[in-house]
Amino acid sequence: MNEFSTDGDTIFQNPDLKPLEDVKLTIKNSGIAQTVPALDEHWVEKKYFLNYEPIVLFDEEGRRIIGAKERWLEVISYILDDLDWLLRLPFYKFWSNIVYNSRIMDSITIFLQEAPTYYALENFPNDNDLKEHLDRLRYVVLLILARLITNKESPAEYMSLSEHAYLLFQKNIFTVPIFMDICQQYGRNNRKIVDKIVNSAFALEPLYNEDLREAVQFIIKALRDIERRFEDCPIDQEGKAVLLSERGGANVEINLSTLEDLILYLLDTVSTINIFMNIYLASINTFKIECFITKIISVYANTIPEMYKRLDDLAFKDETIAKYMELKHRLDVARVEILNIYRMLVYTDVKNTVENKNVILNSVTEEIIEDFFNNLTHALSEKEFAIDYHNVYPITDDVQQLIDSYKNMYPFVQHFLSLLGDTMKCEFILNSIFTYLDEPDFSVASTSFKSIPKSLAGLSNSEKNRNSEEVDKNEVAGSSKEITSTKSDIVSIISEIKDILCDLGEGFLEMCLKHYNYNKEAVINAVLEDSLPIELKSLDRNLPFIPPDPEEASATIDNALGMQRLNIYDNDEFDIMTKDNIDTSKIHKGKRKDKYKNFNELLNDKSYIAQTKDIYNKYTIVTNEYDDEYDDTYDDQDVGSSAQDDIVEVDARPFTIPRVLRRQVNNDFEDTEENNDFNHVSETQVNKDNFVQDPAVLRAKAEERRLLKQGFRTNNSPTKNVVGNPKGQGQTKEVLDSRNQKGKSKATRANHNRRAGSQWKRSHGMVPS
């Protein structure tokens, strides 16, 4: 039988090896036996647990506080005694006091929050007694935390996993903020124990993951609050109203103490996130949301530079130089922590994919790599962040590692190479980074991936030192040429950006180009994503463009040389100090000779004949090529060389056939028509100045000719009279001739053979008789 002696007359008995929540213990109260659950408030000892307080040995004026050290040591001793007593309790009493005495967990939580972190230990007083007590307290707290995550201490002393999870989560013994504080205090020096505590708790109770998602949103809000203190942001991004006291802004006065609190708050936040993600790797997917990644990049690129500026203004003085160096170091550490966070968010999946490439499906691998390059592309909008990330984690090394890992996997390697080359993502990312670093551009088509780290990763420190002398020698000429080239191309760059961002002024685009090192892609991306730095956001977006001063390049050379050049040929088209490209065809070496010595030599020069000969030879070339697209619209019109010229266009006088050559026409009607046509032409008064005839006149002539061909009379033709005078009064010669001509015409133009035609039809049975 399992029996354990406890204080007093109570003996812990669990012969059936039941879990703690099911065990009942028998006690005697005034001689009467009572049954009490093993996990009950009855076992709670009445103890008052003190809270940890940070040590303060000096007042605001720098004078040592008498008795501060002794008081702090005394408080820590009391806390140590209480925690040692707690550790010595048996399993059922330990958990009864933890569950039903909230002062215990409050004391432990306050210690996790107030104890000096890894970056603040250097400011802890350099006293052996103080450090010894602090280390002892840290050790005892860690033992209690380890015992809290343990559900079984012996075969008879244990609790079920469900009960253990219920107590930890529902009784708020462990919460997500407590996990993060545990990681911050112990995660770097006691990695294995902290890893067991955190991962066991999340595996035991999945509801902690829901709390973690809410914690991520709270962290985003905290970072947004820090960012708001250093920029004009009267309205929250979610549309909520912001208190005037929280508005902040670039012009709001912040004293050194407030700035120190904000810097330490930022450092504590990002360092806690970093170590927590390293210990609980499953949290990476929870933190890897777009708004969190965007927020840490924004804080890095916008808020931290503003903190540096405020720190320079407030603390860069003789009396506060020590504080200045301390806070500046804190900001540097915060930057490193943010870069580590971003690295884990974007590269952890890629790293796992490379390590398990034979297990993970190709489709999943493609999606992970695509997401990796998308995140890098998004980060390029912030120049400072992109440069620092590339310096700490070279992107070229990542690309080379991916190529080396998948170069033997066919056919996936083909798609991967197309992912880097055809979509231009890899080339765009690397070129943007190299543009920021003033390095040569990267080309997928012309550069093999194997040579990326060597050819494009930049010079090492030794190489830079070795070439520093050459750089100093060419500094004057190189700097002037760079300035000239930039100024000559800035107008065209601004014009290209204006094609996309037409509502922005040229002067505003010039300032943006200066900030982004004249990289138009970075400017367009920053404007479209509204990620411009604060100094550019405050500018008027309709600023006009002021052309560069032509004397500016010359003044730059003068400043570099340390002397002023005075010459009438400064800044002309042949000034090699300020121009890179010079038209050498305009330069003549030696004495220039006249082309002709005298007038006779000028007359005897026949060189122009050869020039004109080439021109006239071109007219001798005749080509007769068939064109199947030939337009045959006017082929039925006689417009070629055989067509008769219009008499009006050839000569002002109408053409008249000599009388002796006229053909006699027996038909008076045709003779009359011809005469009428001639008379009509002769009556037409033609102006010699008319280069083109009136279209109305030409249409009238064409209509008359058409009617004549059809046998109709025109308005200009005289009407023939066949009626004459009344009978008995005699007829004139014209009427008789007209009647005679009409009778002759009837036989040819009318149907006067009706009788013969009718007989022919009857003979053929066509007309009934």
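Helices and strands here are DSSP runs, numbered from the N terminus. With that numbering, Leu17 sits in the loop between strand 2 (11–13) and strand 3 (24–29). The model is predicted.

**Confidence**

The protein chain has a mean pLDDT of 76. Of its residues, 68% reach 70 or more. Among the elements of the chain, helix 6 has the highest mean pLDDT, 95. The lowest, 32, belongs to helix 19 (residues 452–456). Over residues 639–643 the pLDDT is below 50, and this stretch has 2 contacts in the model beyond near neighbours in sequence. Residues 664–670 also have a pLDDT below 50; beyond near neighbours in sequence, that stretch has 10 contacts.

Helix 6 spans residues 176–186 and is mostly covered. Of its 11 residues, 10 are buried. Among them are Val176, Ile178, Asp181 and Tyr186. The buried residues pack against several helices, including helix 3 (102–114), helix 4 (128–148) and helix 7 (191–204). Helix 8 (207–228), helix 10 (256–279) and helix 11 (283–287) are also packing partners.

Take the pairing with helix 10. Two packed helices are described by the angle between their axes and the distance between the axes. The axes of helix 6 and helix 10 come within 8 Å. They cross at roughly 90 degrees, so the two helices are roughly perpendicular to each other. Helix 6 contributes Phe179, Met180, Cys183 and Gln184 to the contact. From helix 10 come Asp268, Ser271, Thr272, Ile275, Phe276 and Ile279. These residues divide into 6 nonpolar, 3 polar and 1 charged.

**Thr272**

Thr272 lies in helix 10. Its relative accessible area is 8%, under the 20% cut-off, so Thr272 is buried. Not counting residues up to four places away in sequence, Thr272 touches Met180 and Gln184. A polar atom of the Thr272 side chain lies 2.6 Å from the backbone oxygen of Asp268.

**Two positive phi values**

Most residues other than glycine have a negative phi. Leu17 has a positive value, and Tyr518 has a positive value too. The table sets out both residues.

| Residue | Phi | Place | Relative accessible area |

Definitions and conventions: Residues are numbered from 1 along each chain as its sequence is written. This is a predicted model: local features need pLDDT of at least 70, side-chain atom pairs count only at pLDDT 80 or more; totals for chains, interfaces and linings use all residues. Side-chain values use heavy atoms; hydrogens and water are left out. Buried means under 20% relative accessible area, exposed over 50%, partly exposed in between (1.4 Å probe, protein chains only). Helices (H or I, at least four residues) and strands (E, at least two) are DSSP runs, numbered from the N terminus. Contact means heavy atoms within 4.5 Å. pLDDT is the predictor's confidence in each residue, from 0 to 100. A polar contact is a pair of N or O atoms within 3.5 Å; within protein, one must be able to donate a hydrogen and the other to accept it, and residues adjacent in sequence count only if both atoms are side-chain atoms. Axes are lines fitted to C-alpha atoms, for helices over the stretch in contact, and angles run from 0 to 180 degrees between N-to-C directions. Angles under 35 degrees count as roughly parallel, over 145 as roughly antiparallel, 65 to 115 as roughly perpendicular and the rest as oblique. Ala, Val, Leu, Ile, Met, Phe, Trp, Tyr, Cys and Pro count as nonpolar, Asp, Glu, Lys and Arg as charged, and the others, Gly among them, as polar.
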